[in-house]
Amino acid sequence: MSSVLLFLLLTQTPNDFPPSSTKPPKDAIVLFDGKTNLFLSMEGTKTDWKIEDGVLTSTRGKGRQRGNKNHIVSKLHFRDAEIHVEFMLPPKGSGNSGIYIHGNYELQILNSFGKKKFGMNDAGAVYGFSKPLLNACRKPGEWQIYDIRYRAPRRDENEKIIEKGTITAYLNGRKVQDGATFAEPRSVYHPFRYGTTEYLKKIWARQKKTMTGPVFLQDHGQPVKFRNVWVRPLDKHAFIYGE
């Protein structure tokens with residue numbers, strides 16, 4: 001994507017949040033829709049996740065990426081943004097997956113359907129930081145929708161966080177996070193720590209200086225399906241990494 005096209009996308013009229021339609025707004029950048037695929041492996045190479053009928057399915061890793069390390073990472077890097085992800089839980093198993101924003105902050109995907117007691121591990125949580133306000137999870141086999149408004153934490157010249165980031169999120173049209181705050185990542189399993197690669201090390205070093213980074217879809221050993229993934233940058237800091 002050229003810098004001119006990216007600038008044009010970023011100067012479109014703002015849209016309401018959450019969007020009233022699953023169709024990407026004009027100023028959104030599509031990461032995956034069956035035709036466009038702006039995701040790579042954690043090595044920066046072509047992903048081995050299965051794509052069929054416009055649907056991307058989380059796939060277990062092989063070799064050094066075994067053991068819940070086969071996440072995929074977007075070529076698009078951004079600072080503040082709205083993120084739209086549609087997913088479907090498998091009919092069996094926990095349905096564990098997640099949306100790793102900037103590789104550090106996970107919006108949890110899990111089969112939490114029907115739970116009256118729910119917490120940090122359940123769908124709608126910002127894992128390690130904020131449990132969901134309510135349980136909005138649908139049944140396995142039904143398409144579900146995350147709409148996320150993300151403001152990245154701000155760092156000083158020494159790469160220290162001086163202003164916490166925030167997340168407001170809707171799951172299936174119901175608000176599950178309302179300005180949840182976070183600072184340094186807490187999980188030992190986030191992609192820049194667990195199973196990281198030389199490709200990701202370069203991204204992480206740059207991210208701490210610029211506060212721009214990618215979004216990851218998580219491999220946690222479950223065949224969770226994804227479709228219609230897009231990002232709407234909220235500033236002019238977005239770019240395609242490597243171009």
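Which residue stands opposite Arg174 in β14? Leu171 stands opposite Arg174.

## Basis of the model

This is a predicted model, in which local features need pLDDT of at least 70 and side-chain atom pairs count only at pLDDT 80 or more, while totals for chains, interfaces and linings use all residues. Residues are numbered from 1 along each chain as its sequence is written, and side-chain values use heavy atoms, with hydrogens and water left out.

## Strand β13 and its partners

Helices (H or I, at least four residues) and strands (E, at least two) are DSSP runs, numbered from the N terminus. Two strands pair if DSSP finds at least two bridges between them. Strand β13 (residues 165-171) runs antiparallel to β10 (residues 143-151), joined by six bridges, and Ile167 of β13 is the bridge partner of Tyr150. Six bridges also join β13 to β14 (residues 174-182), again antiparallel. The hairpin of β13 and β14 has two residues between the strands, and Asn172 takes a positive phi near 55 degrees.

Buried means under 20% relative accessible area and exposed over 50%, with partly exposed in between (1.4 Å probe, protein chains only). Six of the seven residues of β13 are buried, so the strand is largely enclosed by the rest of the structure.

## Helix α2

Helix α2 (residues 198-210) has 13 residues; at 1.5 Å a residue it should span 18 Å, which agrees with the 19 Å between its end C-alpha atoms. The expected span is 1.5 Å times one less than the number of residues. Tyr199, Leu200, Ile203, Trp204 and Gln207 are buried in α2. Seen down the axis, the buried residues fall within an arc of 125 degrees (taken from the directions from the helix axis to the C-beta atoms), so they line one face of the helix. The face turned away from this buried side carries the exposed residues Glu198, Lys202 and Lys209. After α2 comes Met211, with a positive phi near 65 degrees.

## Nonpolar cores

A nonpolar core is a set of buried Ala, Val, Leu, Ile, Met, Phe, Trp, Tyr and Cys residues joined through side-chain atoms within 4.5 Å. The largest has 44 residues, of which Phe78 and Ile99 touch the most other members. Strand β7 (residues 81-88) gives the most to this core, with four residues. A second, separate core of ten residues includes Leu40, Val73, Tyr100 and Tyr199.

## Ser97

Ser97, in strand β8 (residues 97-101), is buried, with a relative accessible area of 0%. Contact means heavy atoms within 4.5 Å; not counting residues up to four places away in sequence, Ser97 touches residues including Glu106, Gln218 and Phe226.
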